[in-house]
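Have a look at the structure first, then read on.

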Amino acid sequence: MQAAPQRLLSLDAFRGFIMLLMASSGFGLVQVARAHPDSAFWQQVAFQLSHVDWTGCALWDLIQPAFMFMVGMALPFSLLRRRQDGQGFVGRFAHALVRAVALVLIGVLLATRSGDAQTNWTFTNVLAQIGLGYLFLWLIASLGWEYAVSAICVLLAGSWFWFWQHPLPGADFDFAAAGAAGTDLLPGSFGHWSKHLNAAADFDRWLLNLFPRAEPFVANPGGYTTLNFIPALATMLMGAVTAELLLRSRSSVARQSLHLLAAGAACLLAGTLLSLVAVPIVKRIWTPSWVLFSGGWVLLFLAAFHWLVEARGQRRLVFPLVVVGMNSLFIYLMHSLCAGWIAGRLKVHFGAAFAGTWGPVAEKCGVLAVLWLLCYWLYRQRAFLRL
C-alpha cells in the first residue's frame, strides 16, 4: 500500500499567496495610480493589478488560473487519502458530485446581488466554473496521469476547433444585437476569438435565456462565457498531473523544483508560440494558448514556492500564507460577501486614515488585515471550511 501522502506545505503557501492577492483588491494601488496619470511607473502598476481588456496578460489575470490549477493539484492527495481510509468508489463519486453541485450553487449565489429582483443564473464565477468541471476532473484524474495528459490535449484541440469553425461576422452583421462593436472583431483568423462574437458567446445567448430573467441575456459585459469551464478543465488537469507526478517522483526535492521550473518554461514557450500562429491569449474565454501560457506562469511560481518551502525548509517564513491557504474557501467567501461591510466599519473607527491619495491603500490593506486575522483565528481553532 502506498504511504499516506504528506501535506505539501508549499501548495498551502502558494494558495495563500494567491488568495491574499485576490483579497487585497490590488492594495488600492490602482486608485493611487489614477492620481498619477503621467507616471509610467504608476501606469505599469495599474496595468499589472487590473485585468486586461481582452488579449494579453497581466499579473491580476493569473489569480484565477492559479486557483484552478491548485484545485487540480489537491485532488490526487485527496483521492489517495480517501482510498487509504477505505472509502469506496460510490462514496468518492458522491462526494465529488455534491461538491460540484455546491460550488455551482455558491457561484450563482455570489453572482446574484442584493439589488437583483431574482436569481441571476450565470456561471462565470470562478467557483461555478470549478463546479461545472469538477466531476469531470475527478473522473479523469481517478484514471491516472496518462489519461489526464490525453484529456488536456483533446480539450485544447477540441476547444480550438470549435471556435475556429464558428463563422465570422458578415458584411451586414448587426454588432449591437450581439452586445458588441465593430472594433471588437480581431484581425484575420483571430476574429474567431473576438469579444461577444465567438462560439461560446453564441451558446450563452441560447443557454442563459432558458432561465427566468428580468430581461433577455445578450452578452456578459466582460466577455466571459459559461463554456470557459471546458478549457479551464485542462488547467485543473494540469494541476492534477503535476501533483500525481510529484507523488510518484523518487527524485530529490531540489530536483523536483527544477522539474517544475522546466515544465513551466516549456508551457510558457508553447503558449507564446501558439498565440503567434494559431489562437490569441485571451483569459476571458480561456483560449488554448491561455491555458498553456498561464499554466506556465503558475508552474514557475509553484517551483519557487516548492524550492523555498520543501527544499530550503523555510516553513516559518511562509506561515502567514499557510494560514490563509488552509482556509482559501473561507477567505474567498468573506471577501466576496463582507469586504464592503468591513471597510465601512473601519472607516467609522479610523476615518482619518482613509483620507487623501493613499486612503484607498489604507482601506484595502485594512480589510486584508481583518480577513487574515479571521483566518488566523480559525487556524488556531483548527477549523477549516471545506466542501
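Rings of Phe, Tyr and Trp (its six-membered ring) count as a pair if their centres lie within 6.5 Å; planes under 30 degrees apart are stacked, over 60 edge-to-face and the rest tilted. By that rule, the structure holds 24 aromatic pairs. Keep in mind that this is a predicted model: local features need pLDDT of at least 70, side-chain atom pairs count only at pLDDT 80 or more, and totals for chains, interfaces and linings use all residues. Numbering starts from 1 along each chain as its sequence is written, and side-chain values use heavy atoms, with hydrogens and water left out.

**Aromatic contacts**

- The Phe 67 and Tyr 332 rings are stacked, because their centres are 6.4 Å apart and their planes sit at 5°.
- Phe 67 belongs to helix α4 and Tyr 332 to helix α13, so this pair ties together parts 265 residues apart in sequence (helices are DSSP runs of H or I, at least four residues, numbered from the N terminus).
- Phe 67 is buried at 9% relative accessible area, and Tyr 332 is buried too, at 10% (buried means under 20%, with a 1.4 Å probe and protein chains only).
- One aromatic cluster is made up of Phe 14, Phe 17, Trp 297, Phe 301 and Phe 305.

**A charge over a ring**

- Arg 382 has its charged end over the ring of Tyr 379, 4.9 Å from the ring centre (the cut-offs are CZ of Arg within 6 Å of the centre and within 35 degrees of the ring normal).

Technical notes
Helices (H or I, at least four residues) and strands (E, at least two) are DSSP runs, numbered from the N terminus. Buried means under 20% relative accessible area, exposed over 50%, partly exposed in between (1.4 Å probe, protein chains only).
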